[in-house]
Amino acid sequence: MRIRLKAIGAIAQIHPSVEEFPDTAEFAAVHLHILRKLNLPDNQPLWCYVGNAFVPPMDTKLAVLDGMSSSKDILTVTYSQVEAFG
């Protein structure tokens, strides 16, 4: 599954912005991937949203989230070090 990673606010943008993950991976894998790409500790607070709309549970399979983004065939995940919505 292709996932587009987009920064919100002052946090750095990850390049390349589109990454491949297995459909069977959990959302926690995306969260951890972002932390590691940004050289942040695993326990660093990080808010990750699907389509700027909601924070899925970390154990949600990526296949379940497929189709919940406006971009065809790409799931958009935005991330921020502070709560951006809600």
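Trainee: Where is Asn39 found?

Mentor: In this predicted model, Asn39 is in the loop between helix H1 (27-37) and strand E3 (47-50).

Trainee: What makes the backbone of Asn39 worth a remark?

Mentor: Its phi is positive, about 55°, although Asn39 is not a glycine. That phi comes just after H1.

Trainee: Why is Asn39 called exposed?

Mentor: Exposed means over 50% relative accessible area. Asn39 has 70% relative accessibility, so Asn39 counts as exposed.

Trainee: And Asn52: what is its phi, and where is the residue found?

Mentor: Phi of Asn52 is near 55°, again a positive value in a residue other than glycine. Asn52 is in the loop between E3 and helix H2 (62-65).

Trainee: Is Asn52 buried, partly exposed or exposed?

Mentor: Buried needs under 20%, exposed needs over 50%, and partly exposed is in between. Asn52 has a relative accessible area of 39%, so Asn52 is partly exposed.

Trainee: What kind of peptide bond runs from His15 to Pro16?

Mentor: A cis bond, with omega near -5°. Pro16 is in the loop between strand E1 (2-7) and strand E2 (18-20).

Trainee: On to the sheet. What is the order of its strands?

Mentor: The order is E2-E1-E4-E3, in an open sheet of four strands with mixed pairing.

Trainee: What makes E2 and E3 edge strands?

Mentor: Each has a single partner strand, so one side of each is left without a neighbour in the sheet. Neighbouring strands are turned by 30° against each other on average, with direction ignored.

Trainee: Which residues of H1 are buried?

Mentor: Phe27, Val30, His31, Ile34 and Leu35.

Trainee: Why are they said to be on the same side of H1?

Mentor: They cover an arc of only 135° around the axis, which puts them on the same side of H1. In general, an α-helix has 3.6 residues a turn, so residues three or four places apart point the same way.

Trainee: What do the buried residues of H1 pack against?

Mentor: They pack against E1, E3, H2 and E4. Contact here means heavy atoms within 4.5 Å.

Notes. Residues are numbered from 1 along each chain as its sequence is written. This is a predicted model: local features need pLDDT of at least 70, side-chain atom pairs count only at pLDDT 80 or more; totals for chains, interfaces and linings use all residues. Side-chain values use heavy atoms; hydrogens and water are left out. Helices (H or I, at least four residues) and strands (E, at least two) are DSSP runs, numbered from the N terminus. Buried means under 20% relative accessible area, exposed over 50%, partly exposed in between (1.4 Å probe, protein chains only). Two strands pair if DSSP finds at least two bridges between them. Axes are lines fitted to C-alpha atoms, for helices over the stretch in contact, and angles run from 0 to 180 degrees between N-to-C directions. The arc is that of the directions from the helix axis to the C-beta atoms.
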